[in-house]
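Reader: I'd like to learn how to read a model like this one. Could you walk me through it, feature by feature?

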Amino acid sequence: MVNESAATGESPRLASFRDPAGRLLAVEDRIFRVVRRDALADLQAFLASKTYKKFQARGALVQTTFLDEAASRDLFAKPEITRLLGDGEDCVVVEHERVAFASFPYEWSPQMLYNAAELTLDFMASLVTEGLGLKDATPYNVLFRGAQPVFVDLLSFERRAADDSLWAACAQFERLFLLPLLVNKHFGVALDQLLMTRRDGLEPEEVYKLCGFWQRLSPAFLTKVSIPTWLGRRHQAKGAKGEDDAGIYQRQALANPDKARFILESLLGRLRRALERARPRRAARSTWSDYLDANNNYTQAHFQAKETFVEQAMREMQPARLLDVGCNTGHFSRLAARGGASVVAIDYDPVVVGETWKQARQEKLDILPLAVNLTRPTPATGWRNQECAAFLERARGRFDAVLMLAVIHHMLVTERVPLAEILELAAELTRDALIVEFIAPDDSMFRRLTRGRERLHQDLTAESFEAVCRRHFTIARVQHLENTSRWLYLLRKK
Amino acid sequence: MRWRAILLICLMLLIATQAEVQAYTDPGSGTLIWQMLVAASVGLLFYLRRIILWARGLFGKAAAHDATAIEDDIKDGIKKSMEAGIKSK
């Protein structure tokens, strides 16, 4: 199992260590996978398969090229590399296309996790027809290119014995895809709460404790939660009494390969049906999902003016990469993406992130929506907090433009982050442009947030805002929305 | 008196098997055992299906062909209802 991550700290850097078959190496902006020669046969079997061609054509698999002798030697000539990996005699190096923005399952909306699960099952279903299979089934094998999932762990593929009727990674699939989706759907627990601190997902026993008596017997939970829990307890008790409990891990060979295939395909069918039952609700609602329709404080004219302002800024700046902070249902992200930008859209509400993702998929736009709260962004996780990079680490200096529309007053009031801090962070995130909507304290929406504590923000005016902006930016353009306390700014980094 | 003792022992056994041993737990064993049990019963289904096909084969090639056609129809039916299920959600 490999955790794909963006570079943290110095380069070159080993970005994975769990898989004995190989290790991921990040050198500056390039991603290499160092594969041990004894694991090469599995990889080559996969690269020769129809599954590889099919999924490559679909764009669902990361591009991979083998390094030629010369390039490989050059790589291992570097002392930093030999220090990490030895002389490279017993390995072969492949290079992967770098996915623009790495993201992790605890930042995805449930729909995205579901999509990654579908991709994993699609792969497995195709692989078993060719005598191949997946060694592991974890969402960390999947990254998103815009709204499209792409499988990145080339060492997950292995050859399977024809007489093997079990999929060892099935339990992992359930722990990391099925059970989190089930708990999210039935108990409303967000994916970040379930997956941020748990590398290997949820155990059936944990979900069992959450369920009521009748829920445990319901179809969604019976075979994936309750029965494994009961069987696990019995097995535990046997082990405690000293009876043989490791026998279940002996590989059982069947005499008939057709039978093994039949059993495997039946398992995959059952997993797919279970996944269907765990599908996120289509019409999920949250505090923020109807925001745009409710048109809080914007008349038609105002909204038009705002759209025009942003469109003009897009045409002027032509950003290749854009970050939309507080994207809500992604209206302005779509605007930017249609203009050719590669967008990362963040919002702290996973429901609207899911909406944004669905629309991006439908319209085939390059938008990667993530459930991230910029005032408390995703931290670095994993061993030594170095396996999965923090959100800010991945985002700093990676965007040509940042949008902060109708969001900074939330950071100011609800999160009590000082204005200077907000703008300083924005200056770190963007390489050039910042499009920000300033809302003054006398605006009704602002007042709704302050809930009687207006005194804290009495010094905030358009002038004081502009003064703080000028520390890091020059004001290229301002537009005051008539009859409102709202201003739109196009700022350029100094 | 004897019945009470038996009842008490049963209750204790019930509690004993429900006890959760916290140290050196073996999570994942439950899922694996369940997969193995289901695999065994699906394996029986595999033979059952073959027997049915063989039996149908006894009634002539056309009948055997029908049997596979029926099987395919069933599979298509399942696929279609799954897709319909997906679309309706």
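Reader: In what sense do β1(A) and strand β2 of chain A pair, parallel or antiparallel?

Author: Strands (E, at least two residues) and helices (H or I, at least four) are DSSP runs, numbered from the N terminus, and two strands pair if DSSP finds at least two bridges between them. Here β1(A) and β2(A) (residues 22–27) pair in the antiparallel sense, over 2 bridges. Leu14(A) has Leu25(A) in β2(A) as its bridge partner. By the way, this is a predicted model: local features need pLDDT of at least 70, side-chain atom pairs count only at pLDDT 80 or more, and totals for chains, interfaces and linings use all residues. Residues are numbered from 1 along each chain as its sequence is written, chains are lettered from A and ligands numbered from 1 in the order in which they are written, and side-chain values use heavy atoms, with hydrogens and water left out.

Reader: Which sheet does that pair belong to, and what lies across it?

Author: An open antiparallel sheet of 5 strands in chain A, ordered β1-β2-β3-β5-β4. Its edge strands, pairing on one side only, are β1 (13–14) and β4 (64–66). Helix α3(A) (residues 69–77) lies across β2, β3 and β5 of chain A, at about 100 degrees to β5(A). Such angles run from 0 to 180 degrees between N-to-C directions, with axes fitted to C-alpha atoms, for helices over the stretch in contact; contact means heavy atoms within 4.5 Å.

Reader: How many strands does the open sheet with mixed pairing have?

Author: That one has 7 strands, in the order β12-β11-β10-β13-β14-β16-β15 of chain A. Strands β10(A) and β11(A) run parallel, joined by 5 bridges, and Val325(A) stands opposite Ile346(A) in β11(A).

Reader: How about salt bridges: how many are found over all chains?

Author: Side chains of opposite charge can pair when their charged atoms come close. The rule wants a side-chain nitrogen of Lys or Arg within 4 Å of a carboxyl oxygen of Asp or Glu. The whole structure has 27. One of them joins Asp42(A) and Arg159(A), 2.8 Å from N to O. These two sit 117 residues apart, in helix α1(A) and strand β9(A).

Reader: And how much area do chain B and chain A bury between them?

Author: The size of an interface is often given as the accessible area lost when the parts come together. Using a 1.4 Å probe and summing over both parts, chain B and chain A bury about 3,100 Å², 65% of it on carbon and sulfur atoms. The count of salt bridges between them is 0. The contact takes 30 residues from chain B and 33 from chain A.

Conventions:
Buried area is the accessible area (1.4 Å probe) that two parts lose on being put together, summed over both.
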